[in-house]
Amino acid sequence: MAPPQQSRLLNRGTPNFYRAFAERWNKLQEQDGSFYLGPALAATKRAPLWRPHRGLVVGNEGIQVIRNQCLHGMKYIIDPTLDNLPQPLKGSLMCSWHQASYSHGGKLERCGAMPIQPSDLKVKACPTFESREWQGIVFELGRDTKRARERLEATLAFLEEKLGKWLNFKDRALLLSMVSPQESDLLTTLLNYLDCRHVRRGHAETLALMLDTEKYLSAVGPDGTIIQWMGFKESWFETPLGRYYQEMGWPRPEYGAIWVTLPDGTMIEIYFDQSVVVSQGFADPKDWRRCVLYHDFYYPIGTPVAFAELHRADVFDPTGKEDEEPCSQTTANLDRAIDEGMGDVSVGFFEPIQEDQSPLFLHQVAERLSYPLTE
Ligand code: FES
Ligand SMILES: [Fe+2]
């Protein structure tokens, strides 16, 4: 008897694998992965909301990543802000609690309100962390910096080769940053990013107006970076954002969207050739069934903030909701399967054309977690 068709397609892994991914991925990242922190913008400081215990400081000591923890009372030195954007750096870094001040590289300069000298203390500087600046953005490297660097360099080389023309952040400004908590597990959320098949129906009134969903191609780098291109559709010019785009005098986009998924799960999305969104997801450390996505929106220098806000309101917010709904149901079903004792039974399958790279991503992730997947 011929095997059932599903057995020829790779399954989507077991419910316990999704759970293990959420519970263990970040530790691997801390070990030898890397974290995007923000733009290498001169005279700015930032404590990104996804990593507030780090401070990205671009000042008179170049690009520095410091532990964002005051040596006095352990408060954040750089306060994270609600808008999550880089803040102007004027003078020394100063902790707002008792005014201890630090050099741009994290050395304690003055003890502020405390009548003692830095020289009286055993620890006089905040720890710093190795980073890599690339095309105007900064990544912090994991503890095993050699391995982390190797990994990141391989990825960046591929990105440069394939998308160098688009990924120059020096010509772009970070106009918006968005925090988006999800009622779904991180792996389901990432696989949904890799799934281009749901765009036409799942985002019929939003993304699909911009994307020619039949014009699709993908490529994989030697490091496992996945790039997916989708064509541009003229109907978008009838939407408020499309009209605004034309007012900006930008040329007709070559692609509606280019989606990049790095092997570590970082996502870079290029929309209508102009906007670049860098996204990272983090599993809720206390509940594998939830995660938070953080998005930094870059646009060509000179783009009005109103354009970015319309992009967010018109496309990004509704698309995000349209994605969260099915993903949260998937997570609920995975969770239920675990409760019912079916946590190690493989589930699902992939659509072979526009989910073509998802099996690869799943395999890469499983390998890094040393988690055996059954065919
Ligand atoms: S906690 Fe920073 S100065 Fe006291
Ligand atoms: Fe989607």
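Residues count from 1 along each chain as its sequence is written, and chains are lettered from A and ligands numbered from 1 in the order in which they are written. In this predicted model, local features need pLDDT of at least 70 and side-chain atom pairs count only at pLDDT 80 or more, while totals for chains, interfaces and linings use all residues.

**View 1. Helix α6 and its bend.** Helix α6 covers residues 305-339 and bends by about 40° at arginine 312. Helices (H or I, at least four residues) and strands (E, at least two) are DSSP runs, numbered from the N terminus. The bend is the angle between axes fitted to the seven residues ending at a residue and the seven starting there. After α6 comes glycine 341, with a positive phi near 80°.

**View 2. The buried residues of α6.** Among them are Phe307, His311, Val315 and Leu334; buried means that 20 or more other C-beta atoms, placed from the backbone, lie within 10 Å of a residue's own. The buried residues of α6 pack against elements including α1 (15-32) and β18 (287-300).

**View 3. A sheet of three strands.** The open sheet has the order β6-β7-β8, with antiparallel pairing; strands pair if DSSP finds at least two bridges between them. β6 (93-94) and β8 (108-110) are at the edges with a single partner strand each, so one side of each has no neighbour in the sheet. Two bridges link β7 (residues 101-102) to β8, and serine 101 has arginine 110 as its bridge partner in β8.

Notes. Buried ≥ 20, exposed ≤ 12 C-beta atoms within 10 Å, placed from the backbone. Contact = placed C-beta atoms within 7 Å.
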